[in-house]
Amino acid sequence: MSAPELHSSIIALVSLASGIASKHPDMGLCQLEKLRGMGIPDEQIATVIEIARHIRDEAAQKLDAAFDEKAGIALPEAQRITTEPTLPELQIETGNSCCSTTPSGQSCC
């Protein structure tokens, strides 16, 4: 039994978000054109973009904090980023929230 196929708009949204989150050089512009051509509202596209950027930025901050900790770099309090747990000992525990919300309050989980 095969899994049902995803709607092309879902595939385009996932592709757009993953391209943004991974800093892909094409920036998801092809998917953006497809989504607009399918009639997906700009507000929905903007939400996906916001979540993808939030995930990308949060990942970069956590990697920077883990590097700083491992390297023993002491930063001024205003520049410190705390992560729990630190990499590479990152463990996923069920039942605990592992993400934060975007500036507009969108959940990325």
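Student: Before we start, what should I keep in mind about the model and its numbering?

Tutor: This is a predicted model, in which local features need pLDDT of at least 70 and side-chain atom pairs count only at pLDDT 80 or more, while totals for chains, interfaces and linings use all residues. Residues are numbered from 1 along each chain as its sequence is written, and side-chain values use heavy atoms, with hydrogens and water left out.

Student: Good. What makes up the secondary structure of the chain?

Tutor: There are three helices and zero strands, and from the N terminus the order is α-α-α. Helices (H or I, at least four residues) and strands (E, at least two) are DSSP runs, numbered from the N terminus.

Student: Why is Ser9 called buried?

Tutor: Buried means under 20% relative accessible area, exposed means over 50%, and partly exposed is in between (1.4 Å probe, protein chains only). Ser9 has a relative accessible area of 11%, so Ser9 is buried. Ser9 lies in helix H1, residues 8–21.

Student: And what does Ser9 touch?

Tutor: Not counting residues up to four places away in sequence, Ser9 touches Leu35, Met38 and Ile40. Contact here means heavy atoms within 4.5 Å.

Student: How do you know where Leu35 belongs, buried or exposed?

Tutor: Leu35 has a relative accessible area of 0%, which is under 20%, so Leu35 is buried. Leu35 has its place in helix H2. Leaving aside neighbours within four places in sequence, its contacts are Ser9, Ala12, Leu13, Leu16, Ile40 and Ile45. The C-alpha atoms of Leu35 and Leu13 are separated by 7.5 Å, although these residues are 22 apart along the chain.

Student: What makes the buried residues of H2 a set on one side?

Tutor: H2 covers residues 29–37, and its buried residues are Gln31, Leu32 and Leu35. They cover an arc of only 105 degrees around the axis, so they are on the same side of H2; the arc is that of the directions from the helix axis to the C-beta atoms. On the other side of H2, Glu33 and Gly37 are exposed. The cover over the buried residues of H2 includes H1 and H3.

Student: What follows H2?

Tutor: Gly39 follows H2, and its phi is positive, near 85 degrees.

Student: Which residue has a positive phi although it is not a glycine?

Tutor: Lys23, with a phi of about 60 degrees. Lys23 is found in the loop between H1 and H2. Its relative accessibility is 60%, which is over 50%, so Lys23 counts as exposed.

Student: Met27 is in that loop between H1 and H2 too. Why is Met27 called exposed?

Tutor: Met27 has a relative accessible area of 52%, which is over 50%, so Met27 is exposed. Leaving aside neighbours within four places in sequence, Met27 is in contact with Leu16 and Ile20. The C-alpha atoms of Met27 and Leu16, eleven residues apart along the chain, are separated by 7.6 Å.

Student: How are H1 and H3 packed?

Tutor: Two packed helices are described by the angle between their axes and the distance between the axes. H1 and H3 (residues 42–71) pack at about 35 degrees, with axes 8 Å apart. The contact is made by Leu13, Leu16, Ala17, Ile20 and Ala21 of H1 together with Ile45, Val48, Ile49, Ala52, Arg53 and Arg56 of H3. Axes are lines fitted to C-alpha atoms, for helices over the stretch in contact, and angles run from 0 to 180 degrees between N-to-C directions.

Student: How much of the chain counts as buried?

Tutor: Of its 109 residues, 22% count as buried.
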